[in-house]
Amino acid sequence: MNNPFVYWAQDERNVFLRVDIRDAEDVREKAEPKIFALQAVGTAANGRGSYGFDLDLFGEILNDEKNVVIKSVGSNVNVTLKKRNEGFWPTLTAKNVRRGWLKIDFDRWIDPDADADALFEEEEQNERQRKIDDYKQQMMSSGNEDIDKLTRMFMEKEGKLEEFNGFASLEGVQQMIRTLKDGATAWLLAYNALMFFLHLFVVLRIGRGFVVNGLDYIDQFWDNEIESIRFATALQYLDVVHSICGLTKSGYAAGLVQVTGRLAMTYIIGGCDHLSNSWTTALLVVDWFTIECFRYPYYITAIAKKDIGWITWLRYSAWIPLYPTGLLLEAVSILRSIPFYYSSGRYGLAMPNPLNVSFNFGVALMLFVAGAFPLIAYYLLSHMMRQRAKKMVEMRKKKC
């Protein structure tokens, strides 16, 4: 008869055996005060067959039918033996003989050194930790200084001051993050308010110039306003920086294209005398700056988390006439400047030169307006159209 693998464990009152016999049949046991034996037919390490073992126990067991429990469950036969006297046995068997088939069941093993005092101490430590965690949670949720003092006093008493100081450092970092977020919000509010008033100021200055000086102001318009125009436009690069840094959710690509294109246009117009004193240029600048007078108020309300429907509608609707008009005026200005730049060679590079290359800015503008400009216009208009469609859906959902 072959010996199956037997895994044993114990607690103060019982001995547990797990016998590795699968699909056991005809299970028979022999239980005496200091002897236990078992036989069964089943499948084990040597295949299907008859398996069994006998053990000379270290201590006595209660060998009546009620205190010897045997259950066959699938891949194992489980045995529970009741000790006559409570306490941990140093070994399972009385004789110190090594049996290769007898092993410790680590899944059920209990350390006999874990006595009542140790268990009580562990429970006490767990309760103390729960109290500490409760105090921490109160600190995080309320930020009350009295709770902070109570926590420090409690943890000093419990010998946990070092842990408290570490937690306080974490709280300090979190407070610093909150401060930075508040600072970023304040900065964005101030920046967008400044940009709104700066663009509105330029529009009003141009309007005042025409009211005071009449149509003659067209000859003075560019020289009077160019510095303000370039400053306000260049400052919009901060919108791109905010987006890249994650301070705002808007994409940076469209903003970068738009701001760079407008700045470039100021130099194209500024280098061509008949354009700087033209009605198309005045209308173009008014168009640019009027768009921003609708955009920045919306940003201010969004940062302040105020949902004002008419401001949102203007921000996502005013561009419909203004963007195509601006793009058309930009194309007209570029086309009108090409003959001048082609013939004058301004912003170009003539031969001979150290690089041994020539460059005509008029030709570059002609290639740009015929090739790249339509693509840029399509990109900007489709970007705004997608934004508007998304925002209009959100507005309708809020109304419902």
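Hi everyone, let me start with the record. The unreviewed UniProt entry places a "transmembrane region" feature at residues 184-204, 322-342 and 362-381. Keep in mind that what we are looking at is a predicted model.

So what does the model show for residues 184-204? That span is 100% helix and 0% strand, and its end C-alpha atoms lie 30 Å apart. Residues 362-381, another of the annotated stretches, also come out as 100% helix and 0% strand, with 26 Å between the end C-alpha atoms.

Now let's go to a pair of helices, H4 and H8. H4 covers residues 218-235 and H8 covers residues 279-303. When we talk about two packed helices, we describe them by the angle between their axes and the distance between the axes. Here the axes come within 11 Å and cross at roughly 30°. Angles under 35 degrees count as roughly parallel, and H4 and H8 are therefore roughly parallel to each other. As for the hand of the crossing between H4 and H8, it is left-handed.

Which residues of H4 meet H8? On the H4 side we have Ile218, Phe221, Trp222, Ile229, Ala232 and Thr233. Their partners in H8 are Trp279, Thr281, Ala282, Val285 and Phe289.

Five strands form an open sheet, and the order is E6-E7-E2-E1-E8, with mixed pairing. Which strands sit at the edges? Those are E6, residues 68-73, and E8, residues 102-104, each of which pairs on one side only. On average, neighbouring strands in this sheet are turned by 20° against each other, ignoring direction.

Let me walk you through two of the pairings. E6 runs antiparallel to E7, residues 76-82, and the two share six bridges. E6 and E7 make a hairpin with two residues between them. Have a look at Gly74 in that turn, as it has a positive phi of about 60°.

The other pairing is E1, residues 6-10, with E2, residues 14-19. How many bridges join E1 and E2? There are five, in the antiparallel sense. For a landmark here, find Gln10, which stands opposite Val15 in E2.

One tip for viewing strands: in a regular strand the side chains alternate between the two faces of the sheet.

How values were computed
Residues are numbered from 1 along each chain as its sequence is written. This is a predicted model: local features need pLDDT of at least 70, side-chain atom pairs count only at pLDDT 80 or more; totals for chains, interfaces and linings use all residues. Side-chain values use heavy atoms; hydrogens and water are left out. Axes are lines fitted to C-alpha atoms, for helices over the stretch in contact, and angles run from 0 to 180 degrees between N-to-C directions. Helices (H or I, at least four residues) and strands (E, at least two) are DSSP runs, numbered from the N terminus. Angles under 35 degrees count as roughly parallel, over 145 as roughly antiparallel, 65 to 115 as roughly perpendicular and the rest as oblique. A crossing is left-handed if the near helix is turned anticlockwise from the far one by less than a right angle, and right-handed if clockwise. Contact means heavy atoms within 4.5 Å. Two strands pair if DSSP finds at least two bridges between them. UniProt positions are given in the numbering used here, feature names are shortened, and annotations may be inferred rather than shown by experiment.
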